[in-house]
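User: I would like to go through the fold of this chain step by step. Please begin with the term needed for strand pairing.

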Amino acid sequence: QEFWERIPAAVLVSATPGKHEAQLLQRCLSSRCQDIAADLVIRPTNIPDPNVLLRGTENQLHDAIKEAKRRAQRDECTIIVALSVAEAKAVAEKCAEAGLKSAALTGGLKPSERASILRNLHTGELDVVVGIQLLREGIDLPRCSLVLVLNADKEGFLRTDVALTQVIGRAARHIDGTAILYGDSITPAMQRAIDETNRRRSIQIAYNLRNNFSASPLATKTFSHGTSILDILIK
């Protein structure tokens with residue numbers, strides 16, 4: 001409270017505003033009418049948010065591997081989100097057994113190891129990365145065309161609407177970005193994440209149509225060795 005009383009003005013940026021941001025905005029609006037919330041959803045590339053699909057959990061791993069293989073054949077990569085370290089490692093092993101180049105990105109790895117895995121996913125040396133919380137890396141991978149969330153209907157910290165929205169957004173850099181949520185029911189968190197993604201996607205598509213814009217694919221494998229934060233961490 002003391003901090004907010006002392007600063008004259010501030011610009012707050014969040015890709016997925018939560019309850020705290022909403023409460024802060026309301027408090028600001030009630031005290032200072034000059035505060036404005038800007039909803040920035042149009043990207044310079046004109047790529048819309050991913051298309052979100054729902055599927056049941058029966059044979060979800062088999063289906064996930066099948067979908068990941070389709071992307072690998074197109075030289076695209078897949079991110080799979082599990083609920084535990086053990087599950088993430090098991091899924092990565094199953095993917096490898098199916099012929100996919102895969103790795104588990106879990107706690108316990110050194111920063112250099114995590115960075116190396118992400119770089120390999122970026123450059124095409126990996127087809128699939130399986131993790132639990134794939135948010136803190138700030139993953140920005142143009143090769144990632146598919147995000148698969150296993151057991152998306154298991155409510156908890158890893159399956160909140162904010163977490164799901166952020167995970168879905170990992171495929172937002174690819175022109176054919178898709179997210180598949182596996183669940184036997186639709187939780188309130190899932191519904192909010194789906195609604196928010198679809199809201200953004202509809203605005204983006206309408207903007208492109210209105211202005212006769214086409215989505216521009218990003219370079220998928222450009223990686224300057226020695227100049228990125230991943231290379232710095234690896235070294």
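Analyst: Two strands pair if DSSP finds at least two bridges between them. The model discussed here is predicted.

User: How many bridges join strand 1 to strand 6?

Analyst: Pairing requires at least two bridges. Strand 1 and strand 6 run parallel, and Val52 stands opposite Ala179 in strand 6. The number of bridges joining strand 1 to strand 6 is 5.

User: What is the strand order of the open sheet?

Analyst: The sheet is open and has 6 strands, with parallel pairing. Its edge strands, each pairing on one side only, are strand 1 (51–55) and strand 3. Neighbouring strands are turned by 20° against each other on average, direction ignored. The order is 1-6-5-2-4-3.

User: What angle does the direction of helix 4 make with that of strand 3?

Analyst: Helix 4 (residues 85–97) packs on the sheet, where it touches strand 2, strand 3 and strand 4 (128–131). Helix 5 also packs on the sheet and touches strand 2, strand 3 and strand 4, with its direction at about 140° to that of strand 3. For helix 4 the angle with strand 3 is about 175°.

User: What pattern does the protein chain follow along the sequence?

Analyst: The chain has 8 helices and 6 strands. Among contacts with a separation of 6 or more, 78% are between residues 24 or more positions apart. Read along the sequence, the pattern is α-α-β-α-β-α-β-α-β-β-α-β-α-α.

User: Which residues have the most contacts inside the largest nonpolar core?

Analyst: This core has 25 residues. Elements giving two or more residues to it include strand 2 (77–81), strand 5 (144–149), strand 6 (178–182) and helix 7 (188–211). A second, separate core of 18 residues includes Ala68, Ile80, Val91 and Ile132. In the largest core, the residues with the most contacts are Ile79, Leu121, Val147, Val149 and Leu181.

User: Leaving aside neighbours within four places in sequence, which residues is Val147 in contact with?

Analyst: Val147 is among the residues with the most contacts inside the largest core. Contact here requires heavy atoms within 4.5 Å. With neighbours within four places in sequence left aside, the partners of Val147 are Ile79, Val167, Ile168, Arg170, Ala171, Thr178, Ala179 and Ile180.

User: What percentage of the residues of the protein chain count as buried?

Analyst: The cut-off for buried is under 20% relative accessible area. The chain exposes about 13,100 Å², of which carbon and sulfur atoms supply 53%. Of its 235 residues, the share that count as buried is 42%.

How values were computed:
Residues are numbered from 1 along each chain as its sequence is written. This is a predicted model: local features need pLDDT of at least 70, side-chain atom pairs count only at pLDDT 80 or more; totals for chains, interfaces and linings use all residues. Side-chain values use heavy atoms; hydrogens and water are left out. A nonpolar core is a set of buried Ala, Val, Leu, Ile, Met, Phe, Trp, Tyr and Cys residues joined through side-chain atoms within 4.5 Å. Buried means under 20% relative accessible area, exposed over 50%, partly exposed in between (1.4 Å probe, protein chains only). Helices (H or I, at least four residues) and strands (E, at least two) are DSSP runs, numbered from the N terminus. Accessible areas come from the Shrake-Rupley method with a 1.4 Å probe; for residues, only the protein chains shown count as cover. Axes are lines fitted to C-alpha atoms, for helices over the stretch in contact, and angles run from 0 to 180 degrees between N-to-C directions.
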